Amino acid sequence: MEGINLRIIFVFTDLLLPLIVGWYLHAHRLVSDDTMNKVIRFNVVCVYTVLSLLSFWVLPLSWSLLLIPVFGFLLVLAPGLLGYLLFARRVDNLLDRGAYVASAMLANLGTLGGVCAFILYNEEGFAYTQLIGTCQNILLCLIVFPLAQYYHLKHTAARRKTSRLHSLREMFFSLNQLSLVGMIAGFALNAAGVERPAVLAPLFQSLVHIGAWIAMLPVGFLIDFKQVRHYARQTRSLVALRFLITPLLFVGLTQLFVTAPIIRGTLILLAFCPTAINAVLTAKLYELNVGLTISSFVITTTAFLLVIFPLLFFLLK
């Protein structure tokens, strides 16, 4: 219990502080966009691949693991469907509607959720979030991107059939998906009964902190408070969706179907996660309303870090 109480400090050192530093670097133009893009890529390709390997190597294997992909897909599809039915379909502008649906579907499960799960449940919680984050990445390619393209084309009444995206093969087998290889390798070693060397435990601990910094620094770099204020009113319903409607649904589902305490706690934690930066990137790629996604991202992330997660820390630990 003493260890978990000490890990609450990571909320500031690993999540809030890099956000502040990232914003400062952007405000004073100390780092270029190209450099920050390279930082993001290094984190995705290198750091998270090693973390996935190490965490899945010691993940307890049980039949409960089969439920995780199901909940991983639901964590994307359920808020997306609820967000559309309850709120988005009333939005007249199709670019706004597409941005809203993307913000509803995509939550910060792998990065922010991973660090918070590590704070609560150590390596086991981190591994579960990476598996669920992989489910979201699959749906990002199969559903979110095509939906964003649909709203863009319908808005512009475009009839062209070609896409500016890479092929599905390139999306699924790019270096950005290398962490999946780490997961598979970790699973294989685990299932084969190969024990992870004890010396790798401190490496994992260090990489979690390094990965959190590298992930959250670009997030702070992208914060634009003018756009946040402009679209704040339009994102109120997204706040309700993220922190009330979706969590209520998943608390009920986990009570019914999940018996393992750490898996249940991780799923409840992820049900509260804020809008992901991938929603902003999707809006940029398909020329939707980027400002709305940025506002949702900043407001929900701030509320999560300052209010929601501190409460969950004491409720779920």
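A crossing of two helices is called left-handed if the near helix is turned anticlockwise from the far one by less than a right angle, and right-handed if clockwise. By that convention, the crossing of α2 and α9 is right-handed. The model is a predicted one, in which local features need pLDDT of at least 70 and side-chain atom pairs count only at pLDDT 80 or more, while totals for chains, interfaces and linings use all residues. Residues are numbered from 1 along each chain as its sequence is written, and side-chain values use heavy atoms, with hydrogens and water left out.

**Overall make-up**

- The secondary structure comes to 14 helices and 0 strands, where helices (H or I, at least four residues) and strands (E, at least two) are DSSP runs numbered from the N terminus.
- Of the 317 residues in the protein, 50% are buried, a class that means under 20% relative accessible area, with exposed meaning over 50% and partly exposed in between (1.4 Å probe, protein chains only).
- Among contacts (heavy atoms within 4.5 Å) between residues at least 6 apart in sequence, 87% join residues at least 24 apart.

**Helix packing**

- Helix α2 (residues 10-27) and helix α9 (residues 200-222) have axes that come within 7 Å and cross at roughly 40°; axes are lines fitted to C-alpha atoms, for helices over the stretch in contact, and angles run from 0 to 180 degrees between N-to-C directions.
- The helices α2 and α9 are therefore oblique to each other, since angles under 35 degrees count as roughly parallel, over 145 as roughly antiparallel, 65 to 115 as roughly perpendicular and the rest as oblique.
- The contact of α2 with α9 has 14 nonpolar, 5 polar and 1 charged residues, where Ala, Val, Leu, Ile, Met, Phe, Trp, Tyr, Cys and Pro count as nonpolar, Asp, Glu, Lys and Arg as charged, and the others, Gly among them, as polar.
- Helix α4 (residues 67-86) packs with helix α11 (residues 236-257) at an angle of about 140°, their axes being 11 Å apart, and the contact includes F71, L74 and L82 of α4 together with I245, L249 and F250 of α11.
- The residues of that contact of α4 with α11 divide into 14 nonpolar, 3 polar and 1 charged.
- The axes of α4 and helix α5 (residues 94-105) come within 7 Å and cross at roughly 145°, and α4 passes α5 in a right-handed crossing.

**Nonpolar cores**

- In the largest nonpolar core, which has 68 residues, L269, L288, F304 and F309 touch the most other members; such a core is a set of buried Ala, Val, Leu, Ile, Met, Phe, Trp, Tyr and Cys residues joined through side-chain atoms within 4.5 Å.
- Helix α6 (residues 112-156) supplies the largest share of this core, 15 residues.
- Not counting residues up to four places away in sequence, L269 touches G113, C116, A117, L120, F304, F309, L312 and L316.
- Another core, of 21 residues, lies apart from the largest one and has L59, L65, L109 and I132 among its members.

**Backbone geometry**

- Most residues other than glycine have a negative phi.
- N122, which is not a glycine, has a positive phi of about 60°; N122 is found in helix α6 and counts as partly exposed at 27% relative accessibility.
- E287, also not a glycine, has a positive phi of about 55°; E287 sits in the loop between α13 (277-285) and α14 (290-316) and counts as partly exposed at 46% relative accessibility.
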